Amino acid sequence: MALSGLEIFKKLPKTNCKECNFPTCLAFAMQVAAGKVEIGQCPHVSEEIKAELSESAAPPIRGVTIGAGDGALKIGEETVLFRHDRRFEHQPGFALLMTDEMGEDEVNKKIAQFNSTRFERVGVIMKAELIAIKSISGDLAKFESLINKVKGQTRGWLVLMSDSVEVLKGAVAVCKEQKPLLYAATMANAEQMAQLAKENGCPLAVAANGLDELAALTAKLTGAGVKDLVIDSGARTMKKCLEDHIIMRRLALKKTFRPLGFPTITFPCEMTEDTMEEAMIASMLVAKYAGIIVLSDLDPARLYPLLTLRMNIYTDPQRPMMMEEKIYEINSPDQNSPVLITTNFSLTYFIVSGEIEASKTPTWLCVMNTEGLSVLTAWSAGKFVADAIAPFIKKCGIAEKVNHRNLVIPGYVAQISGELEDELGGDWKVTVGVREASDLPVFLQKFKKG
Ligand code: SF4
């Protein structure tokens with residue numbers, strides 16, 4: 001059970017020496033309890049107490065990494081039941097299922113689909129991250145050949161699936177540097193799978209028939225020293241899968257029940273033959289509470305809504321998505337091109353820049369840091385007002401890039417135009433632009449003609 005701030009405080013030296021960068025031991029303890037700082041930041045805590053507190057402060061759902069290097073996929077570490085309570089930490093990975101019984105054409109098609117199905121939204125690339133490769137034939141040579149092909153032609157992280165420990169042992173040998181997820185340890189093979197995962201430093205999936213068996217298995221595996229587990233309760237209907245996920249999440253979070261405190265792997269591809277229904281089940285699992293979602297295909301019409309849903313649910317509600325504050329050059333502007341200003345809320349930027357791009361008018365777009373707030377919200381919060389915009393325009397360097405002094409502001413803040421002209425001083429002239437970005441192409445054409 002996680003310790004409270006006061007319980008942690010009792011274990012600290014209580015000297016208020018400030019070496020942890022907090023004014024008092026109590027303030028530090030409160031931050032440790034909230035999971036915002038590590039106990040090791042206090043240099044005066046003994047190793048014994050550090051170990052005790054680290055264990056109690058560990059996330060109720062363990063974080064597990066699949067893959068290696070910077071782009072590796074991390075899942076788990078969730079701390080809340082509902083996103084609005086705080087935030088969800090790591091979005092679930094989408095995996096494409098391939099088997100060693102697929103013909104060459106089908107394999108090539110799947111690989112091409114995996115590589116090409118990606119979308120950009122508010123500057124973020126959305127795509128599936130994993131390929132689940134399943135041995136049905138039990139033939140190691142066939143399995144290895146498929147793994148090598150996938151490894152050579154995609155950048156997906158791997159889930160290796162087989163009922164045979166021997167086949168998995170051979171398969172992991174050809175890709176262990178990628179730290180694939182091994183599927184799966186069961187009651188029948190737990191010791192051998194634990195050994196295989198430990199030898200290769202790979203995360204291990206655990207498949208059981210129900211939650212009781214699953215908890216017993218994870219306890220056995222963690223006891224054997226395998227900590228990076230991804231769990232599968234065995235549910236293969238939508239109702240049972242939802243029920244299991246809610247029970248597992250509640251037990252892990254509310255009761256700190258460690259045996260079920262792991263991210264999950266789910267198989268909508270095994271729950272229905274209907275691809276639309278499969279997408280619907282996957283959407284449920286994005287919200288509640290899958291770690292990996294294995295799909296039978298990545299048809300863009302079904303994957304795009306799933307990726308968008310995932311992005312919406314897994315963005316931090318307390319941190320708007322933001323663009324860097326700077327001058328953006330759109331359509332190769334020159335010194336005569338118009339200068340527009342907007343806020344650094346990502347969605348605002350992408351809508352505005354998209355319309356400018358579509359207009360084909362060379363334009364300078366000054367994006368000002370308003371802490372990710374949109375135009376009207378930033379204005380009402382006092383962050384997109386004349387005495388904030390004027391210093392930004394003066395220091396951002398736009399005056400050196402153009403030979404005119406015309407600044408176009410969004411139509412929604414027309415009321416600040418006079419004050420902004422006064423604040424800017426010199427020859428600056430402020431023009432009130434359009435309210436809706438969709439009107440920008442026509443506005444820019446007229447503006448160009450003067
Ligand atoms: S460094 Fe340790 S002892 Fe010093 S104030 Fe921080 S918590 Fe207290």
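**Close-up views of a predicted model**

**View 1. Strands 16 and 17 run side by side.** Strand 16 (residues 406-409) and strand 17 run parallel and are joined by four bridges; strands here are DSSP runs (E, at least two residues) and helices are runs of H or I, at least four residues, numbered from the N terminus. I409 has V432 of strand 17 as its bridge partner. This is a predicted model, in which local features need pLDDT of at least 70, side-chain atom pairs count only at pLDDT 80 or more, and totals for chains, interfaces and linings use all residues. Residues are numbered from 1 along each chain as its sequence is written.

**View 2. Helix 12 shows one buried face.** Helix 12 (residues 346-359) has 14 residues. Its buried residues are T348, Y349, V352, S353, E355 and I356 (buried: 20 or more other C-beta atoms, placed from the backbone, within 10 Å of the residue's own). Seen down the axis of helix 12, these residues fall within an arc of 160°, so they line one face; the arc is that of the directions from the helix axis to the C-beta atoms. Just after helix 12, K360 takes a positive phi of about 65°.

How values were computed
The expected span of a helix is 1.5 Å times one less than its number of residues. A residue is buried if 20 or more other C-beta atoms lie within 10 Å of its own, exposed if 12 or fewer, and partly exposed in between; C-beta atoms are placed from the backbone. Two strands pair if DSSP finds at least two bridges between them.
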